[in-house]
Amino acid sequence: MDNVEKDNVIIQKARDYLDNRSQPYIEGAWEDFVEFRRKRKRRRICLKYGIGAAACLSALFITFRAFQPEGESFQPDGETTIPPVITESHISPGTARPDIPLAELYAPEKHAATQRYLNKGRDFVPTTRGAKIVDVADPLAKKDNPQLTKPIDPGSEEELDRNGKEEMRTEKTERKDVLKERDKLKEQERENWKDPSGRMLATSDDKVRIGLNISPTVHSATSNAAFAFSGGITADIKLTRSLFVTTGLLAEHQQFSSSRPNREFMGIDKSFSGDMVSIDIPLNIGWKFTHHPNRNYYIVGGVSSLAYVSENYQSTERWQEVVEHVRESGGEEFVEYEVVTREATSTESAAPFQNFHPFGRLNLMVGVEQKINSGVSFHVEPYLKIPLSGVGDEAIRITTGGVNFKVSF
Amino acid sequence: MEDRGALFETIRKCRHKDRKSEELLYKQFFGYALSIALAYCVNREDAMEVVHDGFIKVFSNIARYDPSKSFRNWFRAIIVNTAIDHVRRESKEEFFKIPDALQVPDDKANVISDLTVDEILKVIQHLPMNERTVFLLYETEGFSHEEIANKLNVTSSSSRVYLARAKKRLREMFPIFFDIQHG
């Protein structure tokens, strides 16, 4: 017997086994199946409810912020406190500084002058309509049927088929016909899914896939960076075999801080920080450049529109002043000059949804998709969001980088 | 014909989520499903999981069954696809467990035809998972190498190699099993 004959015998026996053999029924298998199905169903329901609850909470939060009365987030205008911080003192007995007029050092309009001085020195766009200056450091889940439970022995297949072999032959013929027809259809489908080089591509996925996103991010306005989080729901809409469009709603927590030298006369430094929550509405187009059943790679690019739900800014400026003290000792007048370091902090906030920036950011992303099972995939997407315009009430240009983790289904 | 009519009646009731009809259909086709699953899986527990998964798909998609076609073939396609899903999940662990080549005495080379169908199953189960799956899909289910490559996330050339290796390994393994089974 040569190898081909051996192979043919083996194949024929394997086919006979798969076509005709039937294992005996195992007692309790149906009950096990019912329990198995119940667990699966419960798991699916839990997942659905979890997603629904998350979506409802997001919607409630947005609605609450949108309809929050303006008066609650606003405080009376323009109060800036200036706590004096003495860091250095210099006494020059009997010496007067002719370049600093005494009248100006002790003038009652000193605070007003300081305010003008602070406003003049700011490196961001001054607050516009609706924005107010507020006070400092405000913390914000067997029925027994004998007929049915009776074991069905392996011979029951034959009992079901009274025509015996004839029926089996009919089934085999039908099966061959079905296989032929299916092969034809699949051949046609394969032709449609060949790439230009004639290489076969994988079968298609769902038309629309919903994704749940969470992403640790780093925001940078100038040289300093701050860590934050973003998350939300996206939808991937398939256009062609390789192209897809992504859109959705992502809540993003933005933080940034910047500090620079204060170049005004006797200035020390200026720092500016922001804490904002925005709704990011991306409109991206993606290109999947691999088509494997389990793992695929893609690139995504597009723009984002931003609506700000909350904006809180804090500005701190430090400078020095010379204060003159006159004292008398032993009938002689001494003039003491003291260098005082002063610090001014102002906090600002803007009304929810006051600022909307259509196409305010450019999105660049690379991604890898790993199939978890037939319906669920896990994505890892490193990204960079580049500002196209200043965003928020203070028109800050924030560059954002991070890694987005997404579960799509 | 009467039994065929009874089967269609059961299927019709299953479409309406009739629990007793589902139980009847389950018990009627359980043995067939298990025999298919056992060919693809290494152990009985895995095979039972495939059978359960397969029946969930059968009951949830029974409305799509075309009564003009054979139910047995439709059912078989679902069980085979479920088994392939299972193989894909397990493949990462199994793909590298390839046994050493077997040395077979020449005087045992013509015993293949004496093996029973059940013994055939045991021999097939001893093939590495990738080779077993490719052998079954190509030789018994009629899939092409391109289709197998697509389903198993391998290249079609790999599928051809796996099939050739499976056949070689089966030729080598049958005489050894014959010795074990028949003394």
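Biologist: What does Arg12(B) count as by relative accessibility in this model?
Modeller: The model is predicted. Arg12(B) comes out at 40% relative accessibility. Buried needs under 20% and exposed over 50%. Arg12(B) therefore counts as partly exposed.

Biologist: With which residue does Arg12(B) form a salt bridge?
Modeller: Both partners lie in helix α1 (residues 2-15) of chain B. They sit 3 residues apart, about one turn of the helix. The closest N and O atoms are 2.7 Å apart, within the 4 Å cut-off. The partner is Glu9(B).

Biologist: What is the relative accessibility of Glu9(B)?
Modeller: Glu9(B) counts as partly exposed. That class lies between 20% and 50%. The value for Glu9(B) is 34%.

Biologist: How many residues apart in sequence are the parts tied together by Glu146(B) and Arg160(B)?
Modeller: Their side chains meet in a salt bridge at 3.8 Å, N to O. Glu146(B) lies in helix α7 and Arg160(B) in helix α8, so the pair ties together parts of chain B that are apart in sequence by 14 residues.

Biologist: Is Arg342(A) buried or exposed?
Modeller: Arg342(A) meets Glu321(A) in a salt bridge at 2.8 Å, N to O. Arg342(A) lies in strand β8 and Glu321(A) in strand β7, so the pair ties together parts 21 residues apart in sequence. Glu321(A) is buried, and Arg342(A) is also buried.

Biologist: How many salt bridges does a search of the whole structure find?
Modeller: The search runs over all chains. A pair needs a Lys or Arg nitrogen within 4 Å of an Asp or Glu carboxyl oxygen. The total is 25.

Methods. Residues are numbered from 1 along each chain as its sequence is written. Chains are lettered from A and ligands numbered from 1 in the order in which they are written. This is a predicted model: local features need pLDDT of at least 70, side-chain atom pairs count only at pLDDT 80 or more; totals for chains, interfaces and linings use all residues. Side-chain values use heavy atoms; hydrogens and water are left out. Helices (H or I, at least four residues) and strands (E, at least two) are DSSP runs, numbered from the N terminus. Buried means under 20% relative accessible area, exposed over 50%, partly exposed in between (1.4 Å probe, protein chains only).
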